[in-house]
Amino acid sequence: MKKTIYQLYLNNRPTLLRTFVYTIGHFCIAAGVILTVGGVTLIVAMTDAIVEPLLNSVWYFVLDKWWASKK
């Protein structure tokens with residue numbers, strides 16, 4: 001299992017790096033927007049900026065699996 005994960009990492013290292021950078025940028029942008037528009041504390045803004053995309057990822061995964069099963 002470790003070997004498989006490591007191989008997956010090696011095969012996708014550039015994409016994983018870009019994904020990581022994009023994710024950090026998304027968190028910062030989302031927190032900034034929430035701070036500005038919502039007038040909330042930094043902790044609340046960062047919590048929302050992290051939790052909301054993670055929940056959207058789960059939703060997308062479930063939706064994609066369901067959608068693919070309908071073919």
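Modeller: The model is a predicted one, and its largest pocket holds about 160 Å³ of space. Its lining is made up of Thr-19, Tyr-22, Thr-23, His-26, Phe-27, Pro-53, Leu-54 and Ser-57. By type, these lining residues divide into 4 nonpolar and 4 polar, with no charged residue. Two helices, H2 (13-38) and H3 (42-69), each supply at least two residues of the lining. The most comes from H2, which gives 5 residues.

The two helices also pack against each other. The axes of H2 and H3 come within 8 Å and cross at roughly 130°. Because of that angle, H2 is oblique to H3. The crossing in which H2 passes H3 is right-handed. On the H2 side, the contact is made by His-26, Phe-27, Ala-30, Ala-31, Ile-34 and Leu-35. On the H3 side, Leu-42, Ala-45, Met-46, Asp-48, Ala-49, Ile-50, Glu-52 and Pro-53 take part. Sorted by type, the residues of this contact are 11 nonpolar, 1 polar and 2 charged.

The pocket and the helix contact share residues. His-26 and Phe-27 of H2 and Pro-53 of H3 belong to the contact, and His-26, Phe-27 and Pro-53 are also among the residues that line the largest pocket.

Conventions:
Residues numbered from 1 in each chain as written. Predicted model: local features only at pLDDT ≥ 70, side-chain atom pairs only at ≥ 80, totals over all residues. Heavy atoms only, no water. 1 Å grid on protein atoms, 1.4 Å probe; cavity = no way out; pocket = protein on both sides within 12 Å on 5 of 7 lines; lining within 4 Å. Points joined across faces, edges and corners; volume = space filled by probe spheres on them. Helix = DSSP H or I, 4+ residues; strand = E, 2+ residues; numbered from the N terminus. Nonpolar A, V, L, I, M, F, W, Y, C, P; charged D, E, K, R; others polar. Axes fitted to C-alpha atoms, helices over the stretch in contact; angles between N-to-C directions. Parallel < 35°, antiparallel > 145°, perpendicular 65-115°, else oblique. Left-handed = near helix turned anticlockwise from the far one by under 90°. Contact = heavy atoms within 4.5 Å.
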